[in-house]
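Please keep the sequence and the structure open side by side while reading.

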Amino acid sequence: MLSLNVAETFRPYRAPKNDGESFADPSIDEAGGLLRENLTRLSLDSAEWQSLRHEARQQLISDAVRYTSTYRRVELTVNRETAPIVMAGHQPSLFHPGVWFKNFALDHIAKANDAIAINLVIDNDAASGSSIRVPTIDEISGDYTLKNIRYDRFGGGVPHEQTTISDRARFDRFDDVVSKAVAPIVDKPIIGPLWKHAKASVERCGVAGCALAQARHALEGDIGLSTLELPLGVACRGRVFAVFLLKILCDVDRFQDIYNSQTDLYREAHGIRSHAHPVPNLAREDGWIEAPIWIYSDEQPQRKAGWIKCEDGELVISNRSGLSHRFKFGPDHPCTSDEVALALADANTNSFKIRPRALLTTMYARMILSDLFLHGIGGGKYDQLGDRIAEQFFAIRPPQFMVVSATIQLPGESPEGLDPAIRVLRRKLRDIDYQPERFADKAELDEGLIEEKRRLIRDIPAKGHRREWQRRMEAINAALSSQLESVRSELRYQLALLLRRRSSLAILKSREHPFCVFNLDRLVDSYRKMLDKKGGNEVGFP
């Protein structure tokens, strides 16, 4: 197997650590240059790719305008026929401010380059639950802690587009519960204005994923961001996605070989032992070949892997659990023909949902739908694997992507501020064992032992003759140390208090708190400083 040098082959990405820091690769100022490079690269591809892109993008813009107009005002100020498309995407959840920064960067870059900004709502990913962890202060201990607050009785385990709200009363009072919990820390959290939009959105769609995404996007409209949004479930319907998918499904043996070999190389290069990371290999079972797609339906909302089989002149696509479709092909209309593509597009309905997995999602978004794609840290890491697969399978170079992220913390004392005091206490506790005479002013110590230790230090034997000297020094230290139990107890008590306080502050200053618990003005001001570089601090590679 060919070995890869991870440092030479893959770019390292790491989230910024400190409050107010952002990360961008390339820098925000260089985004326009990267966009122009991508436009040149894409223009060199074949007429077939150009045609697919044109058709897909016009449909994408029409769908995004129509979808976004259902909940906020839309005003396109650029030529929708010729303007480049800058794109990002994320799951419709209450993510942390570092993820939300990507949406502000998307708007900023698009406006600076007369482009159309479109955010894909990745609603085919499985929702992890229907709750968030809200920072608060424990009424008894006074420590910072996390309170788990649900917006629905159930949730999780199915794609975001299937997360139907089952407890509307709980959903409607979610903002009040969150506001009260975070009130000791944050004044006027975002959850207030956000949830007004969420209550209106859930009336329209009844699905948590849809409501959360529309609420956030409506709030972004209130702030002044001029982006469009579209659920992935809508973007991957239609003829062009079917044509793109058939390029893979009709040549799935070769695709799977490339996919698995490149994933193995990625694991080897990064020293990853788990076969589930960054993605599992595609399998073969009983004549079926696993494809990089999910299949589910409104009636069977649990997503399952999509499998492919060609038999009797038919392409069979199935989840092998009751959802299947057959597509005839032959000499007059081969597997990749427009007839099969139209049949596949017609089959992709609510009763047979075909959705791309992560690597295929970004391949389609970057190679067909957009001219510049913005990833977060995680996406930037795994999509370097996607690039290697796409280059080998399609024999074209995908356009380059950007990676952006940021760290915004809640206001308050930093846990690192306690570290000097913690180091002092730990050093004193060590000194009690090895230099107990330093505490002579804190307790009544045996003066005779202290004087004997001084004599031993003045008369250190030569190397090879210190065994007895060492034993006596250890005995004196132990004897003196035993006379400092009260001092030791007090230092341990002070250390325990500081460590507990540090743990408490670490909860407060986590970068993973949901953006809805922050103050809107402070968060938006931080983003604008980062984008304008008037106070934000952009950090480089580790």
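The points below take up a loop residue, a pair of helices and a helix residue in turn.

The model is predicted, and the residues are numbered from 1 along each chain as its sequence is written.

**Asp138 and its surroundings**

- Asp138 sits in the loop that runs between β4 (131-137) and β5 (144-150), and with a relative accessible area of 32% the residue is partly exposed.
- The side chain of Asp138 reaches the backbone nitrogen of Ile140 at 2.9 Å.
- Once the neighbours within four places in sequence are left aside, Asp138 is in contact with Asp143 and Thr145.
- Between Asp138 and Ala181 there are 9.8 Å in space, C-alpha to C-alpha, although the two are 43 residues apart in sequence.

**The crossing of α10 and α12**

- The axes of helix α10 (residues 239-249) and helix α12 (residues 338-347) come within 8 Å and cross at roughly 115°, and this crossing of α10 and α12 is right-handed.
- On the α10 side the contact is made by Arg239, Ala242, Val243, Leu245 and Leu246, which meet Asp338, Val340, Ala341, Leu342, Leu344 and Ala345 of α12.
- The residues in the contact of α10 with α12 divide into 9 nonpolar and 2 charged, with no polar residue among them.

**Arg492 in α18**

- Arg492 belongs to helix α18 (residues 485-508), and it counts as exposed because its relative accessibility is 51%, where exposed means over 50%.
- Arg492 and Leu425 are separated by 67 residues in sequence, and their C-alpha atoms are 8.0 Å apart in space.

Key. Predicted model: local features only at pLDDT ≥ 70, side-chain atom pairs only at ≥ 80, totals over all residues. Heavy atoms only, no water. Helix = DSSP H or I, 4+ residues; strand = E, 2+ residues; numbered from the N terminus. Buried < 20%, exposed > 50% of the residue type's maximum accessible area, 1.4 Å probe, protein only. Contact = heavy atoms within 4.5 Å. Polar contact = N/O pair within 3.5 Å; in protein donor to acceptor, adjacent residues only side chain to side chain. Axes fitted to C-alpha atoms, helices over the stretch in contact; angles between N-to-C directions. Left-handed = near helix turned anticlockwise from the far one by under 90°. Nonpolar A, V, L, I, M, F, W, Y, C, P; charged D, E, K, R; others polar.
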